[in-house]
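Hello,

Please find the structure below. My notes on charged residues, contacts and surface follow it.

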Amino acid sequence: MTAKILVVDDSQILLESTALALEDAGHDVRTLDNPLSVAAVVRRESPDLMLIDLNMPTLTGDMVTRIVSQYGVGKTMKVILYSDVD
C-alpha cells in the first residue's frame, strides 16, 4: 500500500534524504521546510502520515501537531515526532 507522507524539517539535507528513502520504498512524499505552513498543507494534501522534526527554530514539532489538531485537520493522520539531535 502506498502511503502519502508529509515530512516537515528545517534541514534540507534531512528532507531530501528522508524523501528519497521513502520514495524508494514506494511512498508518495511531500516535504515542507516551514512548520508555519503545516495546517494548510495537511488540509490540501490529506497525508496518511506526518514525520515532523521535534526541534525546529520557528515552532517545535509538538507545537505544530497541537495546532493541526486544534484546527481539526488531519484527524486520521498518524504523526511521528523525531529529532536528529543526540
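**Notes on the model**

D33 counts as partly exposed, at 44% relative accessibility (buried is under 20% relative accessible area, exposed over 50%, partly exposed in between, with a 1.4 Å probe and protein chains only). This is a predicted model, in which local features need pLDDT of at least 70 and side-chain atom pairs count only at pLDDT 80 or more, while totals for chains, interfaces and linings use all residues. Residues are numbered from 1 along each chain as its sequence is written, and side-chain values use heavy atoms, with hydrogens and water left out.

**D33 and D9**

D33 sits in the loop between β2 and α2. Helices (H or I, at least four residues) and strands (E, at least two) are DSSP runs, numbered from the N terminus. Leaving out residues up to four places away in sequence, D33 touches D9, D10, Q12 and L15 (contact means heavy atoms within 4.5 Å). The C-alpha atoms of D33 and D10 are separated by 4.8 Å, although the two residues are 23 residues apart along the chain.

D9 is in the loop between β1 (4-8) and α1 (12-24). D9 is buried yet has no salt bridge. A salt bridge here is a side-chain nitrogen of Lys or Arg within 4 Å of a carboxyl oxygen of Asp or Glu. The nearest side chain of opposite charge to D9 is R66, 17 Å away; Lys and Arg count as positive and Asp and Glu as negative, and His and the chain ends are not counted.

What does the side chain of D9 make a polar contact with? Its partner is the side chain of Y82, at 2.5 Å. A polar contact is a pair of N or O atoms within 3.5 Å; within protein, one must be able to donate a hydrogen and the other to accept it, and residues adjacent in sequence count only if both atoms are side-chain atoms.

**Salt bridges**

Side chains of opposite charge can pair when their charged atoms come close. By the rule above, the model has four salt bridges.

One of them joins the side chains of E45 and R30, at 3.1 Å from N to O. This pair links distant parts of the chain: E45 is in helix α2 (residues 38-45) and R30 in strand β2 (residues 28-32), 15 residues apart. E45 counts as buried at 17% relative accessibility, while R30 is partly exposed, with a relative accessible area of 30%. Setting aside residues up to four places away in sequence, E45 touches K4 and R30.

E45 also forms a salt bridge with R44, where the closest N and O atoms are 3.4 Å apart. R44 is exposed, with a relative accessible area of 59%. D28, R30, R44 and E45 are linked in a network of salt bridges.

Another salt bridge is between the side chains of R66 and D62 (3.4 Å, N to O). Both residues lie in helix α3 (residues 61-70), four residues apart, about one turn of the helix. R66 is partly exposed at 49% relative accessibility, and D62 is partly exposed with a relative accessible area of 30%.

S46 is in the loop between α2 and β3 (49-53). Its phi is near 50°, a positive value in a residue other than glycine.

V79 belongs to strand β4 (residues 78-82) and is partly exposed, with a relative accessible area of 36%. Together with L54 and L81, V79 forms a nonpolar patch on the surface, with about 200 Å² of accessible area in total. Patches are made of residues with over 30% relative accessible area and no salt bridge, with like charges joined within 9 Å and nonpolar side chains (Val, Leu, Ile, Met, Phe, Trp, Tyr) within 5 Å. Accessible areas come from the Shrake-Rupley method with a 1.4 Å probe; for residues, only the protein chains shown count as cover.

I80 also lies in strand β4 and counts as partly exposed, at 41% relative accessibility. Leaving aside neighbours within four places in sequence, I80 is in contact with L49, M50, L51 and I52.

Regards
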